[in-house]
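This report covers one protein model and goes through its surface, core, strands and charged pairs. The sequence and structure are shown below.

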Amino acid sequence: MMWYDLVPAVYESSSPRGKIASLSRVVFEAYDEQDPHAIEIVEQAADDLALSINTMLNEHFQQHQTVILAGCLFKREDVLPELLKSRIPSSSQLKVLKREPVMGAVDAGLKQLDG
């Protein structure tokens with residue numbers, strides 16, 4: 001299987017999130033072992049994410065923003081979040097979400113019920 005075979009393998013999966021999570025574990029393990037292909041994958045991911053973040057900061061927000069990172073790719077705070085720090089403006093801050101994003105909706109709903 002080549003890297004370009006991964007896109008349909010992931011998105012045609014019955015559980016894309018699970019597939020991404022399992023693949024990311026393998027990539028991060030290889031990254032830790034200094035595998036050049038894994039390093040290239042992680043660096044490219046950091047570049048792509050930084051491009052998206054910088055586009056949002058430049059076109060839709062002031063530069064001084066807190067950027068929330070959510071998902072399994074950010075559980076390893078020593079990898080992608082660290083790589084992103086040097087790729088976004090120093091005036092912006094990165095924060096890794098510690099719980100599932102849906103929990104914010106649950107909290108809001110519970111607050112509404114409590115009146």
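## Surface patch

Methionine 103 has a relative accessibility of 32%, so the residue counts as partly exposed. The model is a predicted one. Methionine 103 belongs to helix H5, which covers residues 102-114. Together with Val102, Val106, Leu110 and Leu113, Met103 makes a nonpolar surface patch of about 460 Å².

## Nonpolar core

The largest nonpolar core has 18 residues, and the members that touch the most others are Val42, Ile53, Leu69 and Leu84. Two or more residues each are given to this core by helix H2 (16-32), H3, strand E1 (66-69), helix H4 (80-85) and strand E2 (93-96). H3 supplies the largest share, 6 residues. Valine 42 is in contact with Val27, Phe28, Tyr31, Val79, Leu80 and Leu83, when neighbours within four places in sequence are left aside.

Alanine 46 is located in helix H3. Its relative accessibility is 0%, and alanine 46 is therefore classed as buried. Not counting residues up to four places away in sequence, alanine 46 touches Leu80, Leu83, Leu84 and Arg87. The C-alpha atom of alanine 46 is separated by 9.6 Å from that of lysine 85, a residue 39 positions apart along the chain.

Asparagine 54 is also part of helix H3, which spans residues 36-60. Is asparagine 54 buried or exposed? At 19% relative accessibility, asparagine 54 counts as buried, because the cut-off for burial is under 20%. Its contacts, not counting residues up to four places away in sequence, are Arg87, Ile88 and Pro89.

## Strand pair

E1 and E2 run parallel and are joined by 4 bridges. Within this pair, isoleucine 68 stands opposite lysine 95 of E2.

In a regular strand, side chains alternate between the two faces of the sheet.

## Salt bridges

Side chains of opposite charge can pair when their charged atoms come close. The model has 6 salt bridges. One of them joins the side chains of arginine 76 and aspartate 32, with an N to O distance of 2.9 Å. Arginine 76 sits in the loop between E1 and H4 while aspartate 32 sits in helix H2, so this pair ties together parts that are 44 residues apart in sequence. Arginine 76 is partly exposed, at 24% relative accessibility. Aspartate 32 is partly exposed as well, with a relative accessible area of 42%. Arginine 76 also forms a salt bridge with aspartate 78, where the closest N and O atoms are 2.9 Å apart.

Another salt bridge is formed by lysine 85 and glutamate 82, whose closest N and O atoms are 2.8 Å apart. Both residues of this pair lie in helix H4, where lysine 85 and glutamate 82 are 3 residues apart, about one turn of the helix. Lysine 85 counts as partly exposed at 49% relative accessibility, and glutamate 82 counts as partly exposed at 40%.

How values were computed: Residues numbered from 1 in each chain as written. Predicted model: local features only at pLDDT ≥ 70, side-chain atom pairs only at ≥ 80, totals over all residues. Heavy atoms only, no water. Buried < 20%, exposed > 50% of the residue type's maximum accessible area, 1.4 Å probe, protein only. Contact = heavy atoms within 4.5 Å. Core = buried A, V, L, I, M, F, W, Y, C linked by side-chain atoms within 4.5 Å. Patch = residues over 30% accessible without salt bridge, like charges linked within 9 Å, V, L, I, M, F, W, Y side chains within 5 Å. Areas by Shrake-Rupley, 256 points an atom, 1.4 Å probe, with all protein chains shown as cover. Salt bridge = Lys/Arg side-chain N within 4 Å of Asp/Glu carboxyl O. Pairing = 2+ DSSP bridges.
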